[in-house]
Amino acid sequence: MAGTGAHSLARAERFIWLTARVLEQRRFAHLFLEGSADSVETALAAYRNEDGGYGHALEPDLRGPVSQPLHTAHALSVLDSIGGCGGQRVERICRYLTDVSTKEGALPALHPSQRGYPTAPFIPVVDDPPAELLATGPVVGLLHRNQVWHAWLFRATDFCWAAVDALERSHPYEIEAAVAFLDGVPDRARAEAAADRLGQLVREQRLVVLDPRRRQEYPPAAGYAPAEHHFPYDYARTPGSLARRWFSDSELERSLDHLAAEQQEDGGWPVNWRRWAPGTALEGRPIVTLTALRTLRAYGRSPR
């Protein structure tokens with residue numbers, strides 16, 4: 001692929017129209033074709049349940065109709081991308097988050113209501129799941145960044161701080177969740193100090209591929225797929241992220257070159273996690289493609 005110019009975006013657009021769900025089609029139109037935010041929210045509403053949460057395989061690796069924290073976190077990220085994190089819709093979401101939280105006041109990765117529906121084998125269903133930074137951190141950070149105030153946030157924020165402070169060994173997705181929390185939490189001085197420590201941890205434990213040409217020297221974390229590597233842009237999705245300071249300009253630029261080059265012949269980007277059902281990979285690729293395009297644009301790598 002030759003960069004991320006108009007030709008690259010046109011190929012991605014064709015891929016989206018050819019393969020994506022209505023939600024991702026409307027998100028692409030809003031982000032790159034001046035489509036309306038209302039059309040995105042209309043498409044997202046199809047995944048909303050009466051309990052205030054979201055289901056119906058919004059997150060493709062969890063099938064079935066029931067609401068789940070991971071689906072609801074995905075819905076919040078969509079609302080955030082259209083400036084829609086406010087009002088009664090978010091109030092309903094926060095009530096749902098309160099209802100499904102553990103005794104710590106935080107979110108499990110998977111609520112037991114998922115039992116009986118097809119689920120990725122790497123996300124086990126258990127009867128009494130623990131609270132996890134992986135599920136809670138991105139939600140708390142996003143709500144704080146949007147200046148949402150709700151009673152659920154108090155204990156959930158305390159949980160995230162304790163979880164971040166306790167991190168000694170980790171894996172990339174948990175670090176991404178920690179960064180999402182730290183990028184939004186109000187205590188900026190504490191967040192910067194915590195982020196500096198996590199950056200050292202990421203480099204020391206080799207949780208990031210600093211040179212894509214030598215990725216074979218960075219084995220993926222335990223339980224990850226053979227190609228499930230993480231690069232600087234996975235942690236620092238925007239230049240304003242606290243994780244941006246973890247990497248030199250050359251390290252970041254190499255990773256962005258790699259991300260641009262990952263666009264496939266059909267115009268989309270690949271999924272690198274374990275594929276366990278044909279439909280999940282098909283639905284996942286447009287989501288990954290939107291994430292790649294937004295990351296490249298955030299760093300000035302694609303047309304507005």
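Select helix α7 (residues 152-166) and helix α9 (residues 188-204) in this predicted model. Their axes lie 10 Å apart, and the two helices pack at an angle of about 35 degrees. The crossing of α7 past α9 is left-handed. To see the contact itself, show the side chains of W161, V164 and D165 on α7, then R190, A191, A194, R197 and L198 on α9. Sorted by class, these residues of the α7 and α9 contact give 5 nonpolar, no polar and 3 charged.

Select helix α1 (residues 6-19) and helix α12 (residues 278-298). Here the axes come within 10 Å and cross at roughly 150 degrees. How do α1 and α12 run relative to each other? Angles over 145 degrees count as roughly antiparallel, and α1 and α12 are therefore roughly antiparallel. The crossing of α1 past α12 is left-handed. From α1, the residues in contact are L9, A12, F15, I16 and T19. From α12, they are L282, R285, P286, T289 and L293. The contact of α1 with α12 comprises 7 nonpolar, 2 polar and 1 charged residues.

The largest nonpolar core has 84 residues. Which of them touch the most other members? Select L143, W152, I175, L182, Y235 and W246 to display them. Helix α7, already on the screen, supplies the largest share of this core, with 8 residues.

Stay with one of those core residues, Y235. Leaving aside residues up to four places away in sequence, Y235 touches P172, I175, E176, V179, V202, L207, V208, H230, S241, A243, W246 and F247. Two names in that list, I175 and W246, also stand among the core residues that touch the most other members.

The last stop is T136, in helix α6 (residues 133-145). Is T136 buried or exposed? Its relative accessibility is 0%, so T136 counts as buried; the cut-off for buried is under 20%. Show what surrounds T136: apart from residues up to four places away in sequence, it touches A106, L107, W152, A156, F159 and C160.

To finish, select H74 together with T136 and display the distance between their C-alpha atoms. T136 and H74 are 62 residues apart in sequence, and the C-alpha to C-alpha distance is 12 Å.

Note on methods:
Residues numbered from 1 in each chain as written. Predicted model: local features only at pLDDT ≥ 70, side-chain atom pairs only at ≥ 80, totals over all residues. Heavy atoms only, no water. Axes fitted to C-alpha atoms, helices over the stretch in contact; angles between N-to-C directions. Helix = DSSP H or I, 4+ residues; strand = E, 2+ residues; numbered from the N terminus. Parallel < 35°, antiparallel > 145°, perpendicular 65-115°, else oblique. Left-handed = near helix turned anticlockwise from the far one by under 90°. Contact = heavy atoms within 4.5 Å. Nonpolar A, V, L, I, M, F, W, Y, C, P; charged D, E, K, R; others polar. Core = buried A, V, L, I, M, F, W, Y, C linked by side-chain atoms within 4.5 Å. Buried < 20%, exposed > 50% of the residue type's maximum accessible area, 1.4 Å probe, protein only.
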